[in-house]
Amino acid sequence: MRTPLRPLARILDAREKGENPDAIERENRRLRGEATRDKARQSAEGRLLVMSVIFLAAFLTVGLRMGSFAAARPEEPQTDSTTEQIHAQRADIVDRKGRVLATNLLTHSLYAQPPMMIDPLGTVDKLVKIFPDLDRDRLKKDFTGHRKFVWIKRRISPEQMQAVHDIGDPGLLFGPREMRLYPNGHLASHILGGARYGTEGVNSAEILGVAGIEKEYDKWLRDPANGGQPLKLSLDLTVQSALEDVLSGGMKLMNAKGATAVLMKVRTGEIVAMASLPDFDPNDRPAPLLKGDPSDSPLFNRAVQGMYELGSTFKIFAVSQAMQDGLVTPETMIDTKGPLRWGKFRIHDFHNYGKQLSVTDVIVHSSNIGTARIVQKIGPEKQREFLGKLGLLEPSPVELIEAPTGRPILPKNWSELSAMTIGYGHGLSDSPLQLATAYATIANDGRRVLPTLIAKGGPRKPHKQEFGAPEGTQVVSPAVARKALAMMRAVVTRGTASYGNVAGYQVAGKTGTADKPDPQGGYYDKKVISTFAGVFPVTNPEYVLVLTLDEPTDTSGDTPRRTAGWTAVPVAAETIRRVAPLLGLRPEPTTPDTLDGISLVKKD
C-alpha cells in the first residue's frame, strides 16, 4: 500500500508541537518520487542486459557461420536449395554371388518453362542438335504457345546435361531423378524384364517393373521395410554369359530363327542360367509386337512362353512310367514292326529298326513305334496323371510374370491315339523350362522338383498345388530313375546324341525333333523344333540342360540336316564343355561304361 502524503497521526503530532504540517507532505512526495525513479532505473537496466545478451548471441552466430564458410571446401551452389536428395526407391537385383544385375543411377530430367525463356525458337534449334529424336515443330509450338511447363527428356546423360547448360537459356531446367540401370546390357534380359517410370515429377519419379523378375517382385523391390536389401537370384552371371555366347553362336551356325536354353540344378530346381534368342537390351526396351507371330518379337521368352511339341524328348517319360508300373524292364522286347496302324492313321519310325527292340534300344534309337506300343500298355488316363505329376499340364510356377501365359497346349480329346503320339512328343506342347523341370525330377532320384529363379534363402513365393505334384513327391522310384538315366546315357554313347559326348563329363540325354505346326493347319515340311535334354554328370546328377533351336538347318554336309542330333546336340555339347568348369565340376578320367551305361568314379 502506498504511504499517504499527510498521515493523520503525524499531522496531529506536528500541530501539537507547533510544526508546519505541510513539511510532512513535501517530505513524503520526495520519498515517493525517489522510489518511482529507482524502479524505472532497475527496469531499464534489465532491458539493456537482455538486449546485450541477444546482440552478443547474434554476433557469435554470424561469426561462427562466417568461420565455417571460410574453413569449408569451395563447392558449386545447388540450383534449388529446397530440393531433397533422392534416395534409392528400388532395391538392386544381384546374381547368386552378389554381382549386380540391376541397380539405380542418379541422373537428371530436362524440362522447360516457356514464360521464362529468352529465345524459344533459337533454343529449339539447339536442343534438336543435342537430341536428334526431338520433334522440332512440336517443340516450337509448345515453346511459343500458352504452356507453362513442357517435358523435354525424362532422363539425360551428363554430357547432354552439359550441352544443355551451354545453351544458357533460363527457361531450361533440370530435375534430379533415379533411373534403372542394367550394367550387363542384353545379358539375362528376359529374366530381368525391365522397368519404366510411373508417377513422376520434376524432382523425382517412381520406378515400376514392366516384365520379368522386375514385374513379378515389383512390390518387394519397392518395399522400404526391406532396408535396401538386394534381391538375390539363382543365376550365375559368368555361366549365363557363357551360355548366351554359345547359344548365339550355335543359332547362327545352324541358321535357326530362334534359340533357348535352360540350365537347372537337379536337387533344388534353381535356374543357374536361362536364355532366349533373339533378345533385347532392358536399358532400351523395345515396343511390344502388336500383330503377327509373337515369337518374332525379341521380347518373347521362348524358354517360358514358347509352347513346342518337343518330340522324342518325351519318350523317356513313357518308359519311366511303364517301368514304375511294372509293365516293362530295360530288357523287355517291344514289337517295332512298322508302320503301326491305328484306324486311318499310321505311325512310322525314322529308320527301320527291325521286328523288335529292347526298351533300352527303343530310347537309344528313338523308336516312335516302340514308344507307342509301351504307351498302349499304360493307357491314356494313367499317362495323363503321370505327366500331370511332372508339371507338364500346367504353366510353369517359376517366378516370372510371363509364366502364367505359357499354358501347355493339350489335345481336346485325350484318346488312345493321342496318348500314343504324346508318348513320342507330338500332340502336347510344353515349354523348354517345363521339360527341364521334368528331367530334373527324374535325375533327382525321381523326386519332384520345382523351378525357381530365387537363390536359397531369398523371398520365394509359395507354389500352388495345381503345378503338378508338390515339391519332394516321389514320382518314380530311385531305382527306376537310375535305369532311365542309364538309357539316356546310352543315347549319348551309342544313339542319336553321339555328338553330345563331352570328354570328362558323362552326359546323359535325349534328342527330340518335331515338325513345326503350320498356323493354317497341319505341319511344315521343312521346319522343325530340335531339342536336346541332357543331365550331367550322370554318375552323380547335378545339372540339367535343355537346349532348343527353332527352325534349324545344318548346311555343313551335302544335304541340309534338321534333326536334333545334327543341330541341337552339338550346340548343347559345346555349352556343357564351356559351363561345366565354371560350375566347379572337375573333369573325370574316361572310364568304360558298365552294362547299364553308368560307371561310378570315386571323388576326393
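Helix H10 (315-324), helix H13 (380-389) and H14 each contribute at least two residues to the lining of the second largest cavity. Helices (H or I, at least four residues) and strands (E, at least two) are DSSP runs counted from the N terminus. A cavity is a set of points on a 1 Å grid over the protein atoms alone where a 1.4 Å probe fits but cannot get out, and lining residues have an atom within 4 Å of a point.

The model is predicted, so to speak of local features takes pLDDT of at least 70 and side-chain atom pairs count only at pLDDT 80 or more, while totals for chains, interfaces and linings use all residues. Residues are numbered from 1 along each chain as its sequence is written, and side-chain values use heavy atoms, with hydrogens and water left out.

**Exercise 1. Describe the second largest cavity: what is its volume, and which residues line it?**

Step 1. The second largest cavity holds about 50 Å³ of space; a volume is the space filled by probe spheres set on grid points, joined across faces, edges and corners.

Step 2. Its lining is made of Phe314, Phe317, Ala318, Gln321, Gln383, Phe386, Leu387, Ile422 and Gly423.

Step 3. Sort this lining by type: six residues are nonpolar, three polar and none charged. Here Ala, Val, Leu, Ile, Met, Phe, Trp, Tyr, Cys and Pro count as nonpolar, Asp, Glu, Lys and Arg as charged, and the others, Gly among them, as polar.

**Exercise 2. Now the largest pocket: which elements give two or more residues to its lining?**

Step 1. A pocket is an open set of grid points with protein on both sides within 12 Å along at least five of seven lines. The largest one has a volume of about 890 Å³.

Step 2. Among its 31 lining residues, Ser312, Phe350, Ser366, Asn368 and Thr513 are closest to the centre.

Step 3. The elements asked for are strand S13 (345-347), helix H14 (416-423), S16 and S17. S16 gives the most, with four residues.

Step 4. The lining of the largest pocket comprises eleven nonpolar, 15 polar and five charged residues.

**Exercise 3. In what order do the five strands of the open sheet lie, and what packs on this sheet?**

Step 1. The order is S9-S8-S18-S17-S16, with antiparallel pairing; two strands pair if DSSP finds at least two bridges between them.

Step 2. Look at the edges: S9 (271-277) and S16 (508-517) each have a single partner strand, so one side of each lacks a neighbour in the sheet.

Step 3. Zoom in on one pair: S8 (258-265) and S18 (543-550) share eight bridges in the antiparallel sense. Tyrosine 543 in S18 is the bridge partner of lysine 265.

Step 4. Helix H15 (432-443) packs on the sheet, touching S8, S9, S16, S17 (523-536) and S18, with its direction at about 30° to that of S8. Touching means heavy atoms within 4.5 Å. Axes are lines fitted to C-alpha atoms, for helices over the stretch in contact, with angles from 0 to 180 degrees between N-to-C directions.

Step 5. Helix H17 (568-582) lies across S8, S16, S17 and S18, running at about 140° to S18.
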